[in-house]
Amino acid sequence: MARELAIELYLFIFKALFSVFRLFPLKKKTAFVVSFGDNARYILDEMNAQGIEGKRIILKGNHSRADFKGDGKTIVFHFEIKHLLHYLLSIYHLATSKVVIIDNYFGFLSAISFRPSVTCVQVWHAAGAVKQFGLKDPSAANRSPRAKERFQRVYNQFHYVVSGSDTMSGIFKASFGLPDENILSTGVPRTDFFFDEEKKSVAYQSLLGQFPGLEEKRTILYAPTFRENELKTSSIGLDIQKLYDEFHQEEYVLLLKLHPAVSGEHDLEKQFPGFVYNLTNYHDVNEILLITDLLITDYSSIPFEYAFLEKPMIFFAYDLEHYEKERGFWEDYESQMPGPVVYTTQEIIEKIKTASADYGRIKRFKEKWNEYSDGNSSKKLVNFLFIK
């Protein structure tokens, strides 16, 4: 009850401030509200390449690792209450921008009303979905009617939701309670990276420059999904000691990319020198995928983009029954994944040793989830929004 009251008070204040700033005239500018920032960066680059007029306003959350630089035309604000002036200016720009582009669920949207000539676009941070979210999240059943109404008000603000496939479009419609006309099948902007040979080459060489020990090594990337019960803890599901004992004298190294929300202290590089590389704080996971020979993940969305490279994957679902009950899946997990599903580190070791992969299955998975992400997604979206 206290939490609900705090939320309602926050939204009341936000609405009051937005209503005041809404009295100011709209300007030819685009406001990006980012938790992740990857898609925003590609859209921004394409806007600059095409010479789209107007200011670009980056409203950056405290967990965003995307590195945006202000240059006069692009202005960056910390969209957090602790940065009070930035916070107030952020609300002003939200109220006076003609285009608003977001990449996550933002509760403040339930309290405001954009003017009719404003376009709000959701560029969701995942190219595909394993677990359910939005209205289909199993936890939604335990929410109060007031909270459920608030969620739907947020989703109703999305004039368009950018999608990379018909499969994902169906998920968006069910998750956000939106009709066909709100879906924009232009593809996921950040996936343009996989079609740009120059960018890939620069990123690959940069990574090898930063981590020279990776050259001539077989790289295994462990990238698990977010689990609330693992916040502020240094424990992870994978038994790294077992992997180290089995592979450290061979040509393998283990890269770690943990969820950004996990804030535990990890000293695994010191425990396993020359074998473990903790890349959790590296800014762009797609760049890490370039140097990855084998992906180990679970219920994360990372396979949808790794599939562009058509490389092997192993799915480490050590808590499958619990996770399915808590979060829910869109499809049968074991049959959906384009690689073997295992439940122990020992099984992972055995799969690595056999080095077998169904590349046809991986390719079909790629085509199913990325049919509209063809290397021109940013251009198609920018053309739709700004080229009349």
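Visitor: In which loop is Glu216 found?

Guide: This is a predicted model. In it, Glu216 sits in the loop that links helix H6 (197–210) to strand S8 (218–222).

Visitor: What is the phi of Glu216, and is the residue buried or exposed?

Guide: Its phi is near 60°, a positive value in a residue other than glycine. For burial, the cut-off to keep in mind is that exposed means over 50% relative accessible area. Glu216 has 82% relative accessibility, so it counts as exposed.

Visitor: Where is Ala355 found, and what is its phi?

Guide: Ala355 lies in the loop between helix H13 (345–354) and helix H14 (359–369). Phi of Ala355 is near 50°, again a positive value in a residue other than glycine. With 64% relative accessibility, Ala355 is exposed.

Visitor: Which residues is Thr292 in contact with, leaving aside its neighbours within four places in sequence?

Guide: Contact means heavy atoms within 4.5 Å. With those neighbours left aside, the contacts of Thr292 are Thr219, Leu221, Leu255, Tyr306 and Lys311. A separate C-alpha to C-alpha distance can be read for Leu254: 9.5 Å from Thr292 in space, and 38 residues apart in sequence.

Visitor: How should I read a helix such as H4? Which of its residues are buried, and why are they on the same side?

Guide: Begin with its span. H4 covers residues 145–156, twelve in number, and its first and last C-alpha atoms are 16 Å apart, close to the 16 Å expected at 1.5 Å a residue. The buried residues of H4 are Ala147, Arg150, Phe151, Val154 and Tyr155. They are on the same side of H4 because they cover an arc of only 140° around the axis. Pro145 and Arg146, on the other side of H4, are exposed.

Visitor: What do the buried residues of H4 pack against?

Guide: They pack against two helices, H1 (2–21) and H5 (166–176).

Visitor: And strands? How many residues of S4 are buried?

Guide: A general point comes first: in a regular strand, side chains alternate between the two faces of the sheet. In strand S4 (residues 97–102), five of the six residues are buried, so the strand is largely enclosed by the rest of the structure.

Visitor: Which strands pair with S4, and in which sense?

Guide: Strand S1 (residues 27–34) pairs with S4 in the parallel sense, over five bridges. Opposite Ile101 of S4 stands Phe32. Strand S5 (residues 119–122) also runs parallel to S4, joined by four bridges. There, Ile102 faces Gln122 in S5.

Visitor: How many aromatic pairs does the structure hold, and how is one of them described?

Guide: There are 40 aromatic pairs. One of them is formed by Phe21 and Phe24, whose ring centres are 6.3 Å apart with 50° between the planes, a tilted arrangement. Phe21 counts as buried at 17% relative accessibility, whereas Phe24 is partly exposed at 39%.

Visitor: Which residues form one aromatic cluster?

Guide: The members are Tyr105, Trp124, Phe133, Phe151, Tyr155, Phe158, Phe172, Phe176 and Trp330. Phe151 and Tyr155 are also among the buried residues of H4.

Key
Residues are numbered from 1 along each chain as its sequence is written. This is a predicted model: local features need pLDDT of at least 70, side-chain atom pairs count only at pLDDT 80 or more; totals for chains, interfaces and linings use all residues. Side-chain values use heavy atoms; hydrogens and water are left out. The expected span of a helix is 1.5 Å times one less than its number of residues. Buried means under 20% relative accessible area, exposed over 50%, partly exposed in between (1.4 Å probe, protein chains only). The arc is that of the directions from the helix axis to the C-beta atoms. Two strands pair if DSSP finds at least two bridges between them. Rings of Phe, Tyr and Trp (its six-membered ring) pair if their centres lie within 6.5 Å; planes under 30 degrees apart count as stacked, over 60 as edge-to-face and the rest as tilted.
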